[in-house]
Amino acid sequence: MSDTPIFKRKLLAALFVTSSIFALQACGSSDDDDEVVPPPPPPPPPSGLVAFAPNGNLEATVRWTDYGVPYVQAENLESVGYGVGYAFARDNICILADQVIKFNSQRSQYFGPDRVPGSGDSDNLLNDFGYLTLGIRANAEAGLAEISEEAQAMISGYTSGYNRYLADTGVDNIDPACAGQPWVQPITPVDLLTYAQGVALLPGAANFTGPLFLATPPDQMMGAMNKATGKSFDLGSFDAADVTIPDTNPTEAGSNGWAIGSDLSATGKGMLIANPHFPYTGNQRFWSFGVEVPGEMKVVGGSLSGMPGVVNIGMTEHMAWTHTFSTASRFTIHRLTLDPNDPDRKTYLLDGEPVPMTEQFHEIQVATGPGTFATLQKRSYHSEFGPIIVVPGALPWGTDPFTGQEVAYALFDANLPNLDLFDQWFGMNLAESMEEFQATFAENMGTVFNNTMAVSADGQAFFTDGSSVPNIAPAALQAWGGNQLYQTLTGATGLPIFPGDDSGFMPNGKVPFEQAPQLNRTDFVQNSNDSYWLTNPAAPISGVSPLWGPTGNQQSYRSRMGQKFLAEGGSVDGLFTRADLVDRLTNNRNWLGEEVLSDLLAQCEAQGDTPVQTANGSVSIAPACDALGQWNGTMNLNSVGGMVFREFASEFRRNPQWVNGFDAADPTNTPNTLAANDTVLQQLAAAQQRIVNAGLDVAAPLGAVQFVERSLPNGQPSGVRLPWAGSNNIEGGFNVFSSNMGNDGTLLRRHTYPLLPGSNLSAAAGGYHITYGSSWKFAMEFTDNGPVAEGILTYSQASNPESDHYIDQTELYSSEPQLRPILFSNEDIEANTIEVLELTGTSGE
């Protein structure tokens, strides 16, 4: 047991103190008074945490409280996982069942080759071969024994709990979205770890399944072979030319996070805002819960699907933390120089020496009709940098159209594999001090794609970008930055493209924690998805690998709103209370409106009834101006003019009109001041025309046109629309919502509405159909009596429409933007318990 994270975390916490001054200086803290270097912690007592259930006898008490939030209490970690797995399956079994099939490369087996049945898109087939090429199942099989005993125990318990729910309920009686489906089956610990490995690749290699499928030597057939016939499998309407440069954040994952330290807290204790912006459907839904091993561990919060008892964003008696999506690159692309002496072009040159690519052979089952299947075979090709990829016209295997050289491209993903994932968050859940919390990052780099903001009960605030970033030597990074060819390729593709002919550019695993962006403060740290650079504008961070993201860059409007909130301060002599934090999460102010509305109205007044000349003719903007004149400046239900301003903001985003442009020396105040010109008026005219052409009333309050509508199990719209308050990124809102009509990562059926070009507005929907945004969010503070928090899971706890908690929190938020109490103390949990289950079973069931 001496090698498990429980003990290493304590040891590393003590060691961490000795390096904290160096880390603070390296991260650019500008004021010695802000550098918090606590004394070393006392030697830790022996841990009493038990990993596996004695004799395999699982026992957990699950208490469901208001809004269906489960609190699991058990005497060992395996039993904790058992209770969590059971409770999660009751709420969201279809989501995890779908994802297990996805990452096990079995979608084609159950659904056929196409994501949209009969479309010929071959997306399932590409998905299956892509994940086999990446080897995530093989990594899980080899890696399960490598992770800590504690993580193994929670995984074992979770899968047993999931399987217990499925056995007790019966596949025909579960969530109707997947009831009776043959792909809903008991899962194993390897299945769950495979799923986790797939999640770790979501911001990187998971987006390259198409390019991985196309990676075939020049002049050879692209596709898959039918094993029985020896002939190429018909890919339907799939066209290789449709495979383009991947979007590595297809769901637009974002977030806001604040850790408020003792200097800015009205009580002198730590405070936190957690505000992840994630899809409302699919594989990135949060789920809220609490777990306790009496006397050893107690944590309350929320996690993404499939977390086996660990909390991703939450709080303990000592610590609270949250995450935001990072600007760091989790992968690099390496340009291989092909050996001219190999006519098959399967050999590349590394340090002047020929290196043959290795080949791997893959098979999948594909449903070809009712009860009929074909076995498909395909090879993948691999270099020392990673698997080969092809994007037609951009990343070829063969002749480079730009240079005429013979090249190929390889993908290195720092999360391939990521076996630290569960232990990383487990360490956070156990940390009893800031030093112990930071030590989890020194031991693990498992947070995948996240910035972390954390605060201790005594008011120490900490930031790090804990992403898994390829560790390329500083000299190589400097050479890359000065190489015109590679900078041009990087700029043209939007991907970090490095040489693949020099081993000096070979990533050496992940960048270690001591080289990652990090900052300790006693006032605040924050992030709203801009880079680490302005975590705290008083102490800009610099001097880290460029793969972490840019410095000196213009801030997003949402970042400007958050920075403005912090600069305004709180209600008690400038210090923040918990009520202030709740207000920032729910007031629905927006930065762009506050910056330009008065100037825009002045231009409206000057224009009067005179039509604006646009490409579509003359337009009187008087109706839009009248609506803006009634706007209260927020995006709340009663906000007349909010729709007009959003549509103006969508035009303004494409062609901003500022008097004063961005100045890196003044990044929190520039750009500023709306220009007074014809372009601005034309943008307002275009916004008005879009609304009118969609058949909507320009003067409609936002609550009449912005709504949440669930899908029926068959994927049709339910027809029940809940009015929804909230801003959007384009107008610089903090509490952000939008319409994401793309692939949500699952094959579960849902309805979507077509969006108008350049807008989130849908004429077919009659407004804004909200499917993305603020999800698991809370505001908390530490008190003398422990943590106190308010929060909400905006899309509710369960995706199962037959659950009592399918839409209750959604209805609460719809009535008025608000949070609910987050229960932590056992007394509060007992007082609000609505159901209790004493769950017993056997390990491995």
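Visitor: Which element supplies the largest share of the lining of the largest cavity?

Guide: Rolling a probe the size of a water molecule over the atoms shows where empty space is left. On a 1 Å grid over the protein atoms alone, a cavity is a set of points where a 1.4 Å probe fits but cannot get out, and lining residues have an atom within 4 Å of a point. In this predicted model, strand S27 provides the largest share, four residues. Helices (H or I, at least four residues) and strands (E, at least two) are DSSP runs, numbered from the N terminus.

Visitor: How are the residues numbered, and what limits apply to the model?

Guide: Residues are numbered from 1 along each chain as its sequence is written, and side-chain values use heavy atoms, with hydrogens and water left out. As the model is predicted, local features need pLDDT of at least 70 and side-chain atom pairs count only at pLDDT 80 or more, while totals for chains, interfaces and linings use all residues.

Visitor: What is the volume of the largest cavity, and which residues lie nearest its centre?

Guide: A volume is the space filled by probe spheres set on the grid points, which are joined across faces, edges and corners. The volume here is about 440 Å³, and the structure holds seven cavities of 30 Å³ or more. Of the 26 lining residues, Thr281, Ser711, Arg749, Ser799 and Tyr806 lie nearest the centre. Both H2 and S27 supply at least two residues of this lining.

Visitor: With which strands does S27 pair?

Guide: Two strands pair if DSSP finds at least two bridges between them. S27 (residues 706-711) pairs with S30 (residues 768-769) in the parallel sense over two bridges, where Phe707 stands opposite His769. S27 is also joined to S28 (residues 717-723), which runs antiparallel to it, by four bridges; there Glu709 has Arg721 as its bridge partner. The hairpin of S27 and S28 has five residues between the strands, and Gly715 in it takes a positive phi near 90 degrees.

Visitor: Is S27 mostly covered or mostly open?

Guide: Buried means under 20% relative accessible area, exposed over 50%, and partly exposed in between (1.4 Å probe, protein chains only). S27 is mostly covered, with five of its six residues buried. Helix H2 is also mostly covered, with 26 of its 27 residues buried. In helix H9 (residues 421-430), 10 of 10 residues are buried, among them Trp425 and Met428.

Visitor: What span does H2 have between its end C-alpha atoms, and where is its kink centred?

Guide: The expected span of a helix is 1.5 Å times one less than its number of residues. For the 27 residues of H2 (residues 77-103), a straight helix would span 39 Å, yet H2 spans only 26 Å. A bend is the angle between axes fitted to the seven residues ending at a residue and the seven starting there; H2 has a kink of about 100 degrees centred on Asn92. At the start of H2, a side-chain oxygen of Asn76 comes within 3.4 Å of the backbone nitrogen of Glu78. Ser105, which follows H2, has a positive phi near 60 degrees.

Visitor: Why does Asn672 count as buried?

Guide: Asn672, in strand S26 (residues 672-674), counts as buried because its relative accessibility is 17%.

Technical notes:
A polar contact is a pair of N or O atoms within 3.5 Å; within protein, one must be able to donate a hydrogen and the other to accept it, and residues adjacent in sequence count only if both atoms are side-chain atoms. On a 1 Å grid over the protein atoms alone, a cavity is a set of points where a 1.4 Å probe fits but cannot get out, and a pocket is an open set with protein on both sides within 12 Å along at least five of seven lines; lining residues have an atom within 4 Å of a point.
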